[in-house]
4 protein chains.
Amino acid sequence: MLTIDLNCDMGESYGVYNLGEDKAAMPLVTSANVACGFHASDPDNMMKTVRLAKQNGVAVGAHPSYPDLVGFGRRQMALSNEEIEAAIIYQLGALQGFCQAEGVAMQHVKVHGALYNKAEKDAETSLAIAKAIQKFDPKLIMVCMANSEMTKAAKAIGLPYAEEVFADRAYTAQGALAGRKLPGAVIHDVDEVVARVMKMVQQKTVTTLDGTELPINADTICVHGDTPGAVEMISRIRSALEAAGIQLKAMGSK
Amino acid sequence: MLTIDLNCDMGESYGVYNLGEDKAAMPLVTSANVACGFHASDPDNMMKTVRLAKQNGVAVGAHPSYPDLVGFGRRQMALSNEEIEAAIIYQLGALQGFCQAEGVAMQHVKVHGALYNKAEKDAETSLAIAKAIQKFDPKLIMVCMANSEMTKAAKAIGLPYAEEVFADRAYTAQGALAGRKLPGAVIHDVDEVVARVMKMVQQKTVTTLDGTELPINADTICVHGDTPGAVEMISRIRSALEAAGIQLKAMGSK
Amino acid sequence: MLTIDLNCDMGESYGVYNLGEDKAAMPLVTSANVACGFHASDPDNMMKTVRLAKQNGVAVGAHPSYPDLVGFGRRQMALSNEEIEAAIIYQLGALQGFCQAEGVAMQHVKVHGALYNKAEKDAETSLAIAKAIQKFDPKLIMVCMANSEMTKAAKAIGLPYAEEVFADRAYTAQGALAGRKLPGAVIHDVDEVVARVMKMVQQKTVTTLDGTELPINADTICVHGDTPGAVEMISRIRSALEAAGIQLKAMGSK
Amino acid sequence: MLTIDLNCDMGESYGVYNLGEDKAAMPLVTSANVACGFHASDPDNMMKTVRLAKQNGVAVGAHPSYPDLVGFGRRQMALSNEEIEAAIIYQLGALQGFCQAEGVAMQHVKVHGALYNKAEKDAETSLAIAKAIQKFDPKLIMVCMANSEMTKAAKAIGLPYAEEVFADRAYTAQGALAGRKLPGAVIHDVDEVVARVMKMVQQKTVTTLDGTELPINADTICVHGDTPGAVEMISRIRSALEAAGIQLKAMGSK
């Protein structure tokens, strides 16, 4: 029986600022990537998010970032590998605090934003991230963009990993995500998104922007919960997967 | 055989900014209170500090604070008990990250600055702190000002604790620390400091500002490593304790 | 002819986080209190907010705060008077930067949140604020809670001021704002809010929580634009004032 | 009569953290580049630094940076031109606040660290900086690395500028600063530094790392005050200039 994980960024509110429809999205996913205070979130919000995940039986993972709150971790920053390592361990630890307080095990790590974009293409950065995770806890699963340097780094050091595909983003012929500004890079049509997801999960292939078929391995699907429309899309993806007899399961329980 | 612990704030540098003579002070103490990024320190510096403690066989503890970097955690802030709880768990977790990465066990928690001053007198704040520590890890030792609300809170919930006395600070008749601005509040004469320490450890009593003898229990002595003079003072205290046959031991190894 | 000013907090978004219905509220008010980066806002958002005010012919003022982004400036912090002075001058200057860039004159200063609450009752804090404003620019108008220590401080040093009343908040018999948690402290009924505003403006009196009539001077009315409902309330207040022949005018143009 | 300006970074302390020998260095220079809170400094420290400059008759300028306190503004960050513009205007304004409070005119702007390094080679970034300064105040002098994109940008939009040379840094044949990690990149020998300065000022030429003579225009010399040794070096440079009959004058008073 086929199984798949749905992962979603969560806990990205900050102080009085709300972001994301966490309460609506949480029951629909199997893994939550919880922001750790560097690009979003704060201690109170992290505590609430871990509790919400626990209540919904959703596996908790860390979503560490460059230290750039005002830029939401979306701007490249030239950190050294040592700085990346320390920043990641700090953020994993901080989330681990709330996991311990709530009696929840941390399952995975998915780096955020510009750090993800850097790691995807840069072997050295991916290795620094994988090593930091392994130093912190060698049983944690690193969420890696499928076919990227991230997967290679996790494999190279024997760190558990899960390959991730994107439900609503177009791929280039090289298997990279098409830049958001390119026409067609973000897919808004729900039926098309669902069809792409089913194909990636069942046939392990994706049609790239230039029309070729690219082999792709999907252990987990990245979905979004920032808007009511996004939540509706998760719901549709979930229903289609269930209808096809594919079991939704947190990546770590496979 | 009498034993005593010497605890010292460590890792309070930040980015390019150096604070404290950590390298000189570390070999002289038995417990290090490591700043966690809210009043001082950053991930790189925390990693280095945990390593330095490990190399010197010094027990590692967390030194959490109000979130006030520019004020060094020395200004009162009206946080709710929930905010205090979350802030402490976040900081304990962050330090725990580096402890895990370095294979070191966290031993204790000593809150910093204005939060310490608040807790000392305020039962509710002390309880919020004690409960946060217990939720995170019920085996951690809470460093409590001797005779204060902190000790009562730790006792009340069954959290391990160590009572702390101050080597170079004067006490009021009520057992509180005399405010730093009062004449005689900070004792600079090394011989006098050493004599007071010996009396607190051996006779379990301290002479207060108004001349009365106050019973006091010293599980750990707070020393400072911010200046070359301060490091020299630790060295003198240490020698006097050793000369009297008192064993220096981390609070958790008693 | 009677004139009145409507002031509203603006520019309280931060990075990706949106707060407030600035675009809807701006055309309805006469003075905008622009956040300066300490409790909310960031440089990009301040620039946009000053431009939006300019486009709408709304007068620009600064809305400085304690340095507490995660707490939105709503938590008391024990700053010294020198720290308050420096924090205010820094924030006024930062906003002045965008005013200069856009060719707009800064009109007023209204302190935010916990700093406002402190100043309202504390003569020393009010004086520190008033002096900081005067040092920066002695022609700026200090927005003062009517009947409070703020007004006294501005008067004492000869700083221009405007007395502020609150459209939707209940007053105690002493003329203070009733704490938000008291029943009836925040008035949600639009008709009642409008009636209270009209009475404060036309009769210079307000009915307090215990039913007495308190004399009150309203140079400017504090309105809110954080929710669609709040914007609708501004619109209703504005219409009622205009229908009564009261001219809406920025406080500095009187 | 030849004149020259000596500019030095100042006010880079933060909270309890001290950096730089400002009190010793200030009387020796003619222009102070005051940190504005993004890579270093805080409101209290900026106020003190502007006062110290005023007391010593030293001209005040802003030293704006990327928003990266923990990295001291030394790490590249991918800000958009709009973000650079807004960040610069915010910081210029903040310093302007203290200038107004102290009755001092702001003279110049010198961008800091990684932003300087970016601007030096990148025309677009230099133009964004120059335009931001001009929007804020078209009379401000932009300090530009001699022979760099910065100078071209200031010229292109008609912004006043001063070309800067470095006393203790080696130049490549292309006129760029040699990277700090290259052998010989930082010159520690005081006599050699003094000789290079004299040659740049009097002969308008500098010997590059590969031995060629590069024409260079020096309106202002960048000196450092971070260590006692650095202060001594300023003193030696100053004496040599004075002995040669070259007048030390703030760049804006020429």
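Which side chain meets that of C:Lys139 in a salt bridge?

## A salt bridge in chain C

The partner is C:Asp137, at 3.3 Å from N to O. A salt bridge here is a side-chain nitrogen of Lys or Arg within 4 Å of a carboxyl oxygen of Asp or Glu. C:Lys139 is exposed, with a relative accessible area of 65%. C:Asp137 is buried, with a relative accessible area of 17%. Buried means under 20% relative accessible area, exposed over 50%, and partly exposed in between (1.4 Å probe, protein chains only).

## Basis of the values

The model is predicted: local features need pLDDT of at least 70, side-chain atom pairs count only at pLDDT 80 or more, and totals for chains, interfaces and linings use all residues. Residues are numbered from 1 along each chain as its sequence is written, chains are lettered from A and ligands numbered from 1 in the order in which they are written, and side-chain values use heavy atoms, leaving out hydrogens and water.

Over all chains, the structure holds 40 salt bridges. One joins B:Asp68 to B:Arg75, with the closest N and O atoms 3.0 Å apart. Both B:Asp68 and B:Arg75 are buried.

In chain C, C:Asp68 pairs with C:Arg75 in a salt bridge, the closest N and O atoms being 2.9 Å apart. Both C:Asp68 and C:Arg75 are buried. A network of salt bridges links A:Asp68, A:Arg75 and D:Glu83.

## Chains A and B

Chain B superposes on chain A by a rotation of 180 degrees with 0.0 Å of shift along its axis (RMSD 0.0 Å). The two copies are thus related as by a two-fold rotation axis.

Terms used: Copies are superposed by least squares on the C-alpha atoms of residues with pLDDT of at least 70 in both.
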